Amino acid sequence: MSELLATVERVARTAKFTLGPELEAFEAEYADYCGTAHAVGVSSGTEALALALRGLDVGPGDEVIVPANSFIATAEAVSLVGASPRFVDVEPDTALISAATVEPALGPRTRCIIPVHLYGRAVELEPILSLARERGLKVLEDGCQAHGAMLDGRRVGSLGDAGCFSFYPAKNLGAWGDGGAVVTGDARLADRVRGLRHHGQRVPSEHQEIGTTGRLDALQAAILRVKLRYLDAWNDQRRHAAAALTGALAGAPLTPPAPVRPGGDHVFHQFVVQTPDREGLRRHLAERGVSTAIHYPIAIHRTVAYAPVGLPAGSLPVSEALARRICSLPVHPSITDEEITRIGAAAREFAPRGAEAPADGLSSPRGR
Ligand SMILES: *Cc1c(COP(=O)(O)O)cnc(C)c1O
């Protein structure tokens, strides 16, 4: 905390609040961390996605593949650039898209696929990347919940055409307010996003195209520079906590997160379990002082905002079933072993209603 306050004071004394050396330094450090040639700091994760889409020339008339099980921002960014989100279902064990769920949705208007490394778990990207290469599609990774996660030895965000990150305070790497970044190996794309976030200017007062106010603040960049140094340690603590929690839940009547596949990684932004009696579980845990949350209770295609897309109930059944079954248990870098033991004990005492009813097929991991 004192390190961060000193940082705020240092930036305040320079009175350089937009663009400038703090932002440039953070961009260089975050690009280096992600293993990409470029990082561009922007005002939020949503703006990162929208500006990257614009930078990839995705717009009206284009379709973009988006998981139905994600935070709504993934789809909003597509809509904000005038393109259409094409919602696809996810795998029942990982809750992530796969080449198998994406391929049937590809059509003549598809321009881009947005895999979301949801909950911090890396999407198995290689089959999706090869599908995209075959069809000439762009791949934009939504890493907003997965800063630092590795996939086959590389950081997520560095494998597709670009990666997008949010620094909303509750993310694994969080600012003291909103922020985001686009990382890419493509110098032209980085340059384009740099212009778009600053009213289309690369040179002051030369507006090359219609942009927006979408910069990452210098104060946030300075704070993120400090916190970035702790990110790997915090992610290790999250993995450690998740492993301990998985152990503590042994015998509890719920489905823990699927094991991470070889070469993949999970940085546990969320620890998501499944149960057919979700409300019962939440009540049971709340009575024992354990707070839970749901990420997310309504699949995106079933939200009021996306009702105009016209996908009826049952159209993306795995995402819709997950929306009814999932429950996020506490996981964060500073959770203690004692808290984990307490959560495990409380969950093991849980007696789900309708437990004798046949499972709806989602609790057993599907063979591959
Ligand atoms: C948080 C988040 C976003 C959006 O980030 P904001 O900074 O809140 O705009 C996008 N996608 C996913 C998966 C997220 O979790």
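Biologist: Is Arg225 buried, partly exposed or exposed?

Modeller: Arg225 is partly exposed, with a relative accessible area of 23%. Keep in mind that we're looking at a predicted model.

Biologist: Okay, and which side chain does Arg225 meet in a salt bridge?

Modeller: Here's the general idea: side chains of opposite charge can pair when their charged atoms come close. In this structure, Arg225 pairs up with Glu29, at 2.8 Å from N to O. Arg225 sits in helix α8 (residues 218–248) and Glu29 in helix α2 (residues 20–34), so this bridge ties together parts that are 196 residues apart in sequence. Glu29 is partly exposed too, at 30% relative accessible area.

Biologist: How many salt bridges does the structure hold?

Modeller: There are 25 salt bridges. One of them joins Glu63 and Arg109, with 3.8 Å between the closest N and O atoms. Glu63 is in strand β2 (residues 63–67), while Arg109 is in the loop between α5 (99–102) and β4 (110–113), 46 residues apart.

Biologist: Is Glu63 buried or exposed?

Modeller: Buried means under 20% relative accessible area, so Glu63, at 15%, counts as buried. Arg109, at 40%, counts as partly exposed.

Biologist: Where do Arg239 and Asp265 lie?

Modeller: Arg239 is in helix α8, and Asp265 is in the loop between α8 and β12 (271–274), so their pairing ties together parts 26 residues apart in sequence. Their salt bridge spans 2.9 Å, N to O. Arg239 is partly exposed at 26%, whereas Asp265 is buried at 10%.

Biologist: Which residues do salt bridges with shared partners join into one network?

Modeller: Arg10, Glu22, Glu29 and Arg225 are linked that way.

Note on methods. Residues numbered from 1 in each chain as written. Predicted model: local features only at pLDDT ≥ 70, side-chain atom pairs only at ≥ 80, totals over all residues. Heavy atoms only, no water. Salt bridge = Lys/Arg side-chain N within 4 Å of Asp/Glu carboxyl O. Helix = DSSP H or I, 4+ residues; strand = E, 2+ residues; numbered from the N terminus. Buried < 20%, exposed > 50% of the residue type's maximum accessible area, 1.4 Å probe, protein only.
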